[in-house]
Every structure is written in C-alpha cells, then in structure tokens.
Amino acid sequence: MNSTQNQTMGIIPRILYPSLVILLSLTLLLGLFDPLANYTSWLTPPVALAIGLVYALIFGATHPKVNKVGSKWLLQYSVVGLGFGMNLKAAIAAGSQGMLFTIISVIGTLFFGWLIGRKILKLNSNISRLISSGTAICGGSAIAAVMPIIKAKEDESSIALGTIFILNAIALFIFPTIGHWADLSQEQFGTWAAIAIHDTSSVVGAGETYGPQALEVATTVKLTRALWIVPLTLFFSLIANYERKKANKAGAVASSDNERKGFLQRLPVPLFIIFFILAIVLNTYILENYVPMVGSFIKGIAKKGLTLSLFFIGASLTRKVIVSVGPKAMLQGILLWVLISVGSFVFISFM
C-alpha cells in the first residue's frame, strides 16, 4: 500500500508540473487577443506566484533546473521586452527622480543591516551581509554577486536567499493593496515598490498589478537601483581584503593580489539592464515613429513572460527553504524590510 502511494505521489508531479506550465502559458498567450482577454484576466502575477507556491509546498522542488531557468532567464528576457514599450525621456525622468532617495536608502539599509544583524541579533556575519545586500539593492542578484567576495558558504547563501524570497512573495500580495488603501498615484507606487521590494521580479509584478504607469516607473527605478551592485561588490571586496590582512598580515598580501584579479574578472555587469536600455532607445527613436504596434506587441508578450516567471519563482519556494531560514535571519530581514518600507512610504507620500 505504501509503495503504491509513493508511486502515485511520484507520478502526480511529473504530470501536474508540465500541465500547469502548459496551461499557464496558453492562458497568457490567449490573453494577447482582445476578444479573449476578459477570460484570461484572472491570471495575474500574484495568482501565478500563488500557484507556484502551493505546488512547491505540496510536492517540493520537483523540477529545480526548470524553475531556475524559468525564474532567471525568462524574467530577464521579459524585463528587456518591457523596454520596447517605454519612452527614453520618460524613463530618464523616472530614474532621476528616484536617484537621490535610492542613494540614501541603499547606504541606510546597509548600515541598519549591520546594526540589526551584527550588533543586536548577533547573527552570522556573512548571513547578515547577504541579507542586507539583498534588501538594499535587488534581492537574489545582489546576494549572488556578494557571495564569492565574502566567501559565503552554501548554507549561508541559502538562508539569505530564502529570507529574501519569502519576503518577496509576501510583498507581491500586500503592496498593491496598501497602495490602493493609501491612494498612492501610479508614479508614487512605482517608486515605492522599486525602493521597498527586494527582487526585480516582485517589483515588476507589483507594478503591473497596480497599473501601466506604475509598471514603467517601478521597472526603471529598480533597474537603476540594480546598478549599485557594482559599488556594493567593490565595497565588500575592500572589507574582505582588510579583514584578511588583519587576520594574517604575513600571507595576506599575495592572496589579496590573486583575489583582486579574480574579483575584477567576475565584476558583475548586469547585461540584461544594458539590453533593457537599448530596447528603450530603439523604441523611442525607431519603433514609436514608424511601427508602434511592434513595440506594443513585444511589451505585451514580455508582461506575459513576467507572469509566467513568477510561477517558477513560487515553485522554488519549498518547505525546506522556509524551514532553513531560521528565526534570527528572518527577523533581520523583516526588520530591515519594515524599516525601508515605512521610511520610503512616508517620504514618497509627501513627494
């Protein structure tokens, strides 16, 4: 009986997972056609994320490689596609307006992350730095960039990523509701989401849920914010070199030279952001003037791809990931998140 049940439980995810992917993909594609849009409007970014979460909590990570490809590459392609629906002048205006507060919030988040994580909670140094980096800039991308520099272990990075992913999932559900309750404008909500939500996927998903202008502002400000990965890695590289020299002055000089070379070789350059900017330029000076329908069509597909990528992200958030986080790491993540969310909300409300 147990053997039969195990076989049944093994067959169900093998059939259900691809069925869900096909169903969601077809639903999203059908939504591109106006006569069918009303019948597919139920599949919003939060719903796609929720479907993935429910699947992961029941069956676990049954297709981790597919989830990784879908959540990373599909998301990046979709973000680039959104650029074909944006105007360069509007994008510059949105990015420059949030620039000053971006600088303040990034530096402030890193400082309070150190204060809460190391001084108050006495959390592991690497975990604290990874959570602070993910909260300050762009979630998983920032964590992935900082990991090799501070030599974080796999379990440390898993805890930090788990913390960020859990809070991202929550943010995607509650931020649009809070925005409507507070009667934030499209521009205000887009800026707030870009500052206060960690990962690009949830930022763009929340912006799309709130409205078209919020989506443009959120995407532009968030990707401008993501460029801070470069100074962030330089900052942690200097700290890491200082700590190694302090620990062992005799052998640190030679090793720091080798590590500096390795660091420069792996200096993070988010190429999808560059392609996003190029897409905006192409749309502004060519597509909008000659074939506006092309840019609009690409943007429509990109929005559907974004929604599907959120399913893959949700399907990666298993019970094992949730349990592995631990109370101290989650508490640091929550406190930092509340701090930056409330602070940015108050600031933006008076813009």
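**Close-up views of a predicted model**

**Figure 1. Helix α11 and its buried residues.** In this predicted model, the buried residues of α11 are T200, S201, S202, V203, V204, G205, A206, G207, E208 and Y210. The helix is thus shown as a mostly covered element, with 10 of its 11 residues buried.

Figure 2. E208 belongs to helix α11, which spans residues 200–210. Although buried, E208 forms no salt bridge. The nearest side chain of opposite charge is that of K303, at 4.7 Å; a salt bridge would require a side-chain nitrogen within 4 Å of a carboxyl oxygen. When neighbours within four places in sequence are left aside, the contacts of E208 are P45, L215, K303, L306 and T307.

**Figure 3. The largest nonpolar core and the contacts of F189.** The largest nonpolar core comprises 71 residues, and I137, F175 and F189 have the most contacts inside it. Helix α9 (residues 154–181) gives the most to this core, contributing 9 residues. In soluble globular proteins, nonpolar side chains tend to be buried together. Residues up to four places away in sequence not being counted, F189 touches F175, P176, G179, L184, A206, G207, Y210 and A214. Apart from this core lies another, of 12 residues, with V21, L24, F312 and A315 among them.

Figure 4. I277, V281, L282, Y285, I286, Y290, V291 and V294 make a nonpolar surface patch of about 720 Å². Helix α15 (residues 271–290) supplies the largest share of the patch, 6 residues. One of the patch residues, V281, lies in helix α15 and is partly exposed, its relative accessible area being 31%.

Figure 5. N87 is located in the loop between α4 (64–82) and α5 (88–97). With 25% relative accessibility, N87 counts as partly exposed. The C-alpha atoms of N87 and V281 are 7.5 Å apart in space, whereas the two residues are 194 residues apart in sequence. Leaving aside neighbours within four places in sequence, N87 contacts I280, T284 and E288. An α-helix has 3.6 residues a turn, so residues three or four places apart point the same way.

Figure 6. I239 is placed in helix α13 (residues 229–247). Its relative accessible area of 21% makes I239 partly exposed, because the buried class is limited to values under 20%. A C-alpha separation of 8.6 Å is found between I239 and I150, which are 89 residues apart along the chain.

Figure 7. K151 lies in the loop between α8 (140–150) and α9. Phi of K151 is near 60°, a positive value in a residue other than glycine. D183 is found in the loop between α9 and α10 (186–196). D183, likewise not a glycine, has a positive phi of about 55°. At 65% relative accessibility, D183 counts as exposed.

Definitions and conventions. Residues are numbered from 1 along each chain as its sequence is written. This is a predicted model: local features need pLDDT of at least 70, side-chain atom pairs count only at pLDDT 80 or more; totals for chains, interfaces and linings use all residues. Side-chain values use heavy atoms; hydrogens and water are left out. A nonpolar core is a set of buried Ala, Val, Leu, Ile, Met, Phe, Trp, Tyr and Cys residues joined through side-chain atoms within 4.5 Å. Buried means under 20% relative accessible area, exposed over 50%, partly exposed in between (1.4 Å probe, protein chains only). Helices (H or I, at least four residues) and strands (E, at least two) are DSSP runs, numbered from the N terminus. Contact means heavy atoms within 4.5 Å. Lys and Arg count as positive and Asp and Glu as negative; His and the chain ends are not counted. Patches are made of residues with over 30% relative accessible area and no salt bridge: like charges are joined within 9 Å, nonpolar side chains (Val, Leu, Ile, Met, Phe, Trp, Tyr) within 5 Å. Accessible areas come from the Shrake-Rupley method with a 1.4 Å probe; for residues, only the protein chains shown count as cover.
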